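Hi,

Here is the structure I promised to pass on.

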Amino acid sequence: MGESTGRWRDLDKLLLRPGNIVSPNFEPGTELRDDLQTYARVLVVGAGGLGCELLKDLALSGFRNIDVIDMDRIEVSNLNRQFLFRLQDVGKPKADVAAMRVMERVSGVNIIPHFCRIEDKDLDFYSNFTIIALGLDSIEARSYINGVACSFLEYDSDDNPCEETIKPMVDGGTEGFKGHARVILPGKTPCFECTIWLFPPQVKFPLCTLAETPRTAAHCIEYAHLIKWDEVTTKSSFQFCFCHSSSACSHMLLIMYILFQVHSGKSFDADDPEHMQWVYSEAVKRAELFGIPGVTYSLTQGVVKNIIPAIASTNAIISAACALEALKIMSGCSKTMSNYLTYNGLAGLHTKVTEFVREKDCLVCGPGVLLELDTSVTLQKFIELIGEHPLLLLSKPSVTYRGKTLYMQAPPVLEEMTRSNLKLPLYDLMDKVAKDVIHVNGMTSKNDTKQSCLLKLRIVFKGIDGMTDMDMASGA
Amino acid sequence: MIKLFKVKEKQREIAENANGRAPVKKQSAGELRLNKDISELNLPKTTTIAFPNGKDELMNFEVTIRPDEGYYRGGMFVFTFAVSPIYPHEAPKVKCKTKVYHPNIDLEGNVCLNILREDWKPVLNINTIVYGLHHLFTEPNHEDPLNHEAATVLRENPKQFESNVRRAMTGGYVGQTYFTKCTC
Ligand SMILES: [Zn+2]
């Protein structure tokens with residue numbers, strides 16, 4: 001006990017004492033600390049620069065059940081900032097090593113590593129966690145996890161989010177000396193998709209500039225990466241045809257074979273050092289031709305992988321903010337940040353919290369329109385119903401359900417492929433689930449002007465309620 | 001929040017989650033928006049679209065353009081579209097599958113069309129791109145060259161350019177490069 005009070009002394013100041021800016025349901029006491037250790041399960045997505053920091057911070061903040069998922073292996077270039085890794089770890093999965101190192105240093109914490117892609121795990125896996133902490137560097141991965149977390153969200157009949165279905169996320173991101181930390185409470189604060197415009201689109205140079213009038217080192221690198229790479233592979237195959245038709249010597253074939261070995265005819269892989277080296281040397285040639293200075297190997301990596309040098313201190317600051325928010329969300333010991341913190345340490349220091357608002361009709365986190373249907377309603381009938389529904393008035397709708405195209409108005413080739421669904425019950429087309437989300441798009445007329453729109457609908461089938469009816473349905 | 005999870009955890013021990021069956025496939029926001037784009041396509045009559053992977057896999061598709069005027073009349077050009085899950089935040093990747101003698105399309109199928117790269121905006125859609133591609137065949141331009149030789153010929157000798165295009169489309173050599181027949 002004495003050891004424990006010593007160890008948690010700082011945390012206890014937050015968890016054991018009442019306060020004025022705490023969340024309404026905050027109940028300070030040792031039970032809260034114990035519950036946090038017993039019931040909170042955190043998933044850390046990414047075990048890179050931010051992920052290493054997050055694991056350490058969460059473990060030291062009293063979280064005991066942590067999982068970490070990352071598909072990458074440790075590279076030499078990670079070692080300067082991904083401080084859980086050592087030279088002898090190079091080549092090993094980041095998740096495994098990060099979990100092991102933190103468990104060695106923080107007693108009592110249990111970290112389960114997952115060395116795989118985030119898409120490899122099913123929804124059941126994600127549903128196990130009370131909170132998800134994101135330490136990622138890609139928009140795609142954020143968007144994916146956001147979609148997963150929001151898919152657990154349910155709304156009541158008054159379109160209020162059901163508290164117990166909210167899967168909170170804290171999201172960190174850094175670029176050099178800049179970073180952000182945000183809190184996403186789906187249904188309450190904007191989700192990633194509500195504010196995707198916050199991410200600046202990637203700079204893309206016109207291909208013809210790359211091909212004809214390069215002016216910068218980056219132009220030369222992108223030329224080698226986007227144009228030159230494909231050129232060599234296909235030109236060699238052309239030689240093959242030529243040589244073949246003129247029944248020429250076999251060494252032509254051999255040359256072609258070796259050329260193919262260099263690129264193996266496959267697409268460029270930014271994580272393959274040989275590929276990167278090739279792009280670098282081609283970019284150097286290109287730069288010499290046009291008298292452009294500044295092509296280096298690290299710039300090549302930066303341009304091709306769209307990397308901005310990572311700064312260890314930025315990661316530490318952003319991660320600390322995220323871990324603190326995780327603790328606040330879980331314990332209620334203080335109000336959570338609302339809802340987006342930006343940090344800029346480029347010149348002096350600037351930090352600011354902005355309260356972004358939700359996109360009311362967000363397809364991912366919004367409530368959608370609730371519709372109660374009989375299980376006998378066919379897709380055709382459903383389409384008529386949403387045409388007449390006063391909140392929708394949707395004409396010419398196309399319908400999709402979890403990636404399945406149920407009906408498409410156009411183009412004719414898809415209309416034909418989906419037409420036979422029209423006479424089937426929607427309940428059957430939705431795999432006989434009692435309630436689920438469906439998406440429709442079509443034209444809606446508001447104040448006599450036609451507008452195209454894409455909507456989320458919450459379908460509930462009447463008379464089907466939970467498990468017993470599910471069993472009945474499968475038994476029938 | 002933790003109290004909620006404590007309660008939930010207890011409940012879970014009593015009865016496994018009622019909503020038992022795990023959903024098979026989640027739909028990305030990009031997929032939803034693409035679906036909308038596709039269902040609202042208003043293609044020029046010279047254009048067709050095909051979905052080689054069936055009706056449930058719309059993120060990769062092919063657009064075939066058969067220009068009815070200009071240098072490329074009578075030709076048939078297939079473009080592959082690959083759409084990202086964060087579409088329309090990011091433009092689709094478009095390549096020309098048909099080897100074509102064209103100033104703005106190189107021999108590897110890279111296409112120089114501003115809206116595919118530097119001028120892409122999320123308000124644009126698949127229809128805009130198809131019209132843009134169509135435009136490349138009615139109005140090839142020598143100012144944004146990807147195929148340098150073709151651009152030079154178009155600028156300096158349009159008659160020669162016309163006959164080069166014919167030769168390429170009917171199958172044959174233009175300079176050192178062999179083109180397979182692509183007339184329909
Ligand atoms: Zn949202």
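B:Thr80 sits opposite B:Lys95 in strand 4 of chain B. That strand (residues 93-96) pairs with strand 3 of chain B in the antiparallel sense, over four bridges. Strands pair here if DSSP finds at least two bridges between them, and the elements are DSSP runs numbered from the N terminus: helices are H or I with at least four residues, strands are E with at least two. Strand 3 (residues 77-82) of chain B also pairs antiparallel with strand 2 (residues 60-65) of chain B, over six bridges; there, B:Ile65 faces B:Phe77.

Before you go further: this is a predicted model, with local features needing pLDDT of at least 70 and side-chain atom pairs counting only at pLDDT 80 or more, while totals for chains, interfaces and linings use all residues. Residues are numbered from 1 along each chain as its sequence is written, chains are lettered from A and ligands numbered from 1 in the order in which they are written, and side-chain values use heavy atoms, leaving out hydrogens and water.

Now to chain A. It has an open sheet of eight strands in the order 3-2-1-4-5-6-7-8, with mixed pairing. Strand 3 (110-114) and strand 8 (350-354) of chain A are at the edges with a single partner strand each, so one side of each has no neighbour in the sheet. Within the sheet, strand 1 (residues 41-45) and strand 4 (residues 131-135) of chain A pair in the parallel sense over four bridges, and A:Leu43 has A:Ile132 as its bridge partner in strand 4 of chain A.

Three bridges join strand 10 of chain A to strand 11 (residues 404-407) of chain A, and the two run antiparallel. A:Thr400 stands opposite A:Thr405 in strand 11 of chain A. This hairpin has two residues between the strands, and A:Arg402 takes a positive phi near 45°.

A:Leu87 counts as exposed because its relative accessibility is 61%.

Cheers

How values were computed:
Buried < 20%, exposed > 50% of the residue type's maximum accessible area, 1.4 Å probe, protein only.
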